[in-house]
Amino acid sequence: MPLSPRIDEVLDAVVNGYDDIIHRSCDLQRTLARAMPFEPARSILNATADLTRDIAAVQLSGARWLLDS
Amino acid sequence: MTALHWESTGTGDPVLMIMGLGLSGGAWWRTVPVLSRSLRVITFDNRGVGRSRARFHSYTTEAMADDAVSVLDAAGVEQAHVYGFSLGGMVAQQLALRRADRVRSLVLGATHAGGPRAVRPSDEVIAFFRRRASMAAEDAARASVPFNYGPRCRREHKDRIAEDIQRRLAHPFPEQAYRAQMVAAALHNCYRRLVRIAAPTLVVHGREDRMVPVANAEMLAEQIPRAELRILDDAGHLYSTEQPDVDEEIARFFLGWR
């Protein structure tokens with residue numbers, strides 16, 4: 001059943017907000033990684049940023065799929 | 001670790017080229033000589049393909065867009081025109097959304113926005129995509145001809161198709177990378193965010209495209225605020241083989257947004 005336009009807008013804003021948080025979180029992790037003078041800490045931070053981005057990408061794709069359906 | 005192979009040709013305003021499913025940066029071989037007459041053209045092999053390596057064998061278009069940003073960083077480019085083709089067009093959408101400050105203008109070739117509103121290819125094409133992952137490289141290249149090229153090209157330009165296949169076979173790609181890129185394409189979903197793309201955009205598509213039906217280009221052009229639509233009659237998915245003059249048009253589009 002289609003959602004009312006108002007609920008749809010709110011859900012869309014929530015999803016976009018989550019997207020922005022993830023984006024900033026990844027940027028922060030990468031900034032920390034660049035500042036990190038030691039290995040393997042730098043690689044771990046970069047890998048965590050990649051993982052955060054990719055897990056969120058799957059979640060966001062699924063959420064937007066539901067909103068578009 | 002992920003390591004990306006990239007190349008730069010020509011001088012002028014930079015253009016970043018992002019290639020599609022299973023193809024290396026070398027697959028831009030028809031387009032690079034035209035664009036590099038007046039622009040600095042940067043090509044790269046997507047993760048897991050050609051001379052690039054991937055840390056993980058699971059990709060998303062978001063991850064591939066971050067790779068594209070890394071290539072711009074390595075090339076010392078702050079802002080570039082971006083040309084994405086097919087899966088590369090999906091990556092280019094993500095790039096324009098995630099790093100708007102890095103994209104001066106955008107060309108989206110033979111691509112779609114993803115999600116349930118994307119117009120899917122026929123069952124025959126989907127079955128071919130699934131089969132192709134396990135086919136030998138040469139068999140796959142030959143079997144893809146009816147899906148990649150329009151009827152006119154298959155009739156009148158067999159030589160060009162043969163050249164494409166020869167080039168493609170010179171850079172085979174691992175099955176794992178192909179499957180990972182298929183997953184990235186399946187997960188891609190930018191429809192709702194297209195209205196946020198601020199860059200001037202040219203959407204290019206062949207009317208006879210069987211891989212990505214042309215209705216997807218119309219949808220992209222409707223949703224992206226500053227988009228122009230260029231539909232090529234008698235062209236299929238690999239339109240620059242079928243109508244090489246379109247590369248001149250794309251170069252003029254980029255030069256118009258200096």
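Gln181(B) belongs to helix H9 (residues 175-187) of chain B; helices (H or I, at least four residues) and strands (E, at least two) are DSSP runs, numbered from the N terminus. With a relative accessible area of 0%, Gln181(B) is buried. Here buried means under 20% relative accessible area, exposed over 50%, and partly exposed in between (1.4 Å probe, protein chains only).

The model is predicted, so local features need pLDDT of at least 70 and side-chain atom pairs count only at pLDDT 80 or more, while totals for chains, interfaces and linings use all residues. Residues are numbered from 1 along each chain as its sequence is written, chains are lettered from A and ligands numbered from 1 in the order in which they are written, and side-chain values use heavy atoms, with hydrogens and water left out.

Chain B as a whole contains 12 helices and 7 strands. Its radius of gyration is 17 Å, close to the 18 Å that the globule rule gives for 258 residues, so chain B is as compact as a globular protein of that length; the radius is taken over C-alpha atoms, and the rule is 2.2 Å times the number of residues to the power 0.38. Along the principal axes, the C-alpha atoms of chain B fill a box of roughly 40 × 40 × 40 Å. Of the 258 residues in this chain, 59% count as buried. Among contacts in chain B with a separation of 6 or more, 78% come from residues 24 or more positions apart.

Helix H2 (residues 61-74) of chain B has 14 residues and reaches 20 Å from its first C-alpha to its last, close to the expected 20 Å; the expected span is 1.5 Å times one less than the number of residues. H2(B) is mostly covered, with 11 of its 14 residues buried. After this helix comes Gly76(B), with a positive phi near 70°.

H2(B) also takes part in covering chain A. The buried residues of H1(A) are covered by elements including helix H2 (41-68) of chain A, together with H2 and helix H3 (87-98) of chain B. Among the residues buried in H1(A) are Asp12(A), His23(A), Cys26(A) and Arg30(A). The loop between H1 and H2 of chain A holds Pro40(A), and the peptide bond from Glu39(A) to Pro40(A) is cis, with omega near 5°.

Most residues other than glycine have a negative phi, and most peptide bonds are trans. In chain B, Ser86(B) has a positive phi near 60° and lies in the loop between strand S4 (80-85) and H3. Ser86(B) is buried, at 11% relative accessibility. Asp234(B) likewise has a positive phi, of about 65°, and sits in the loop between strand S7 (227-232) and helix H11 (239-242) of chain B. Asp234(B) is partly exposed, with a relative accessible area of 37%.

Note on methods:
Contact = heavy atoms within 4.5 Å.
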